[in-house]
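User: Can you walk me through this one? I'm new to it.

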Amino acid sequence: MSSIQPPSQRVWWKQPLDRVEGTWIAIALLWSLIMFFMMPYWHVYGKQNTPGEAYRVVPTAYQKKAQEFVEKYTVRTEANGALPVVKPPAGSDVYLIARLWQWWPILELEKGKTYRLHLSAMDYQHGFSLQPENINIQVLPGYEHVVTITPNRAGTYSIVCNEFCGINHHTMVSRLYVK
Ligand SMILES: [Cu+2]
């Protein structure tokens with residue numbers, strides 16, 4: 001029998017199940033159940049969830065908060081004065097703006113200290129991706145995401161936008177300093 005010809009017996013579902021077919025159905029069912037129960041299991045035990053909080057915010061209000069934060073704690077600038085480098089006190093709230101096509105400002109954090117990192121977008125959806133740690137957070141306009149972070153290794157990290165946001169998406173990269 002082939003699939004392009006009709007089955008010899010029209011009422012095919014009354015034929016007994018072949019052992020091989022039955023075995024494969026059982027394997028597929030078992031595997032699908034394993035995958036299904038892995039989802040809640042991994043949610044609880046996988047240690048993959050960001051300690052996320054999110055609040056509604058008007059982009060201009062968020063911008064104002066970030067602006068005040070930058071004015072208060074800027075220690076130097078980069079890119080010929082275009083990008084402020086901000087060093088907030090340990091344990092404080094730090095703000096990062098995502099917009100076409102820039103992360104603003106550059107943050108400098110202290111190793112072993114805990115910060116509340118606020119993230120929001122001014123225009124479209126962006127993606128905060130911290131490399132090489134592989135921490136990924138969606139950044140949406142109208143929402144303020146707050147992530148509690150404790151950098152445990154000193155170094156210079158890269159921030160890339162991993163959500164396509166237009167013609168210069170590939171230039172939307174930045175840095176995060178941990179000292
Ligand atoms: Cu982007």
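Analyst: Here is a quick tour of the metal site and the salt bridges. This is a predicted model, where local features need pLDDT of at least 70, side-chain atom pairs count only at pLDDT 80 or more, and totals for chains, interfaces and linings use all residues. Residues are numbered from 1 along each chain as its sequence is written, and side-chain values use heavy atoms, with hydrogens and water left out.

User: Metal first. What coordinates the copper ion?

Analyst: His126 (ND1), Cys161 (SG), Cys165 (SG) and Met172 (SD), at 2.0 to 2.5 Å. Donors are N, O and S atoms within 2.8 Å of the metal (3.2 Å for Na, K and Ca); water is not among the atoms, so sites may look incomplete.

User: Which geometry does the site of the copper ion have?

Analyst: Tetrahedral, with angles of 94 to 124° among the four donor atoms. The ideal angle for four tetrahedral donors is 109.5 degrees.

User: How are the donor residues spaced in sequence?

Analyst: The pattern is H-x34-C-x3-C-x6-M. His126 sits in strand S8 (residues 126-131) and Cys161 in strand S11 (residues 155-161), so the pair ties together parts 35 residues apart in sequence. Strands are DSSP runs of E, at least two residues; helices are runs of H or I, at least four; both are numbered from the N terminus.

User: Is His126 buried or exposed?

Analyst: His126 is buried, at 0% relative accessible area. Cys161 is buried too, at 7%. Buried means under 20% relative accessible area, exposed over 50%, partly exposed in between (1.4 Å probe, protein chains only).

User: New topic. How many salt bridges are there?

Analyst: Nine. A salt bridge is a side-chain nitrogen of Lys or Arg within 4 Å of a carboxyl oxygen of Asp or Glu.

User: Give me one. What does Lys65 pair with?

Analyst: Glu144, at 2.8 Å from N to O. Lys65 is in helix H2 (residues 59-73) and Glu144 in strand S10 (residues 143-149), so the bridge ties together parts 79 residues apart in sequence. Lys65 is partly exposed at 33%, while Glu144 is buried at 4%.

User: And what about Glu78?

Analyst: Glu78 bridges to Arg175 at 3.5 Å, N to O. That links strand S2 (residues 74-78) to strand S12 (residues 173-178), with the two residues 97 apart. Glu78 is buried at 16%; Arg175 is partly exposed at 38%.

User: Which residues are linked in a network of salt bridges?

Analyst: Glu53, Asp93 and Arg116. Within it, the closest N and O atoms of Arg116 and Asp93 are 3.5 Å apart.

Notes. Four donors count as tetrahedral if all angles lie between 85 and 135 degrees; four count as square planar and six as octahedral if opposite donors are over 155 degrees apart and all others between 65 and 115; anything else is irregular.
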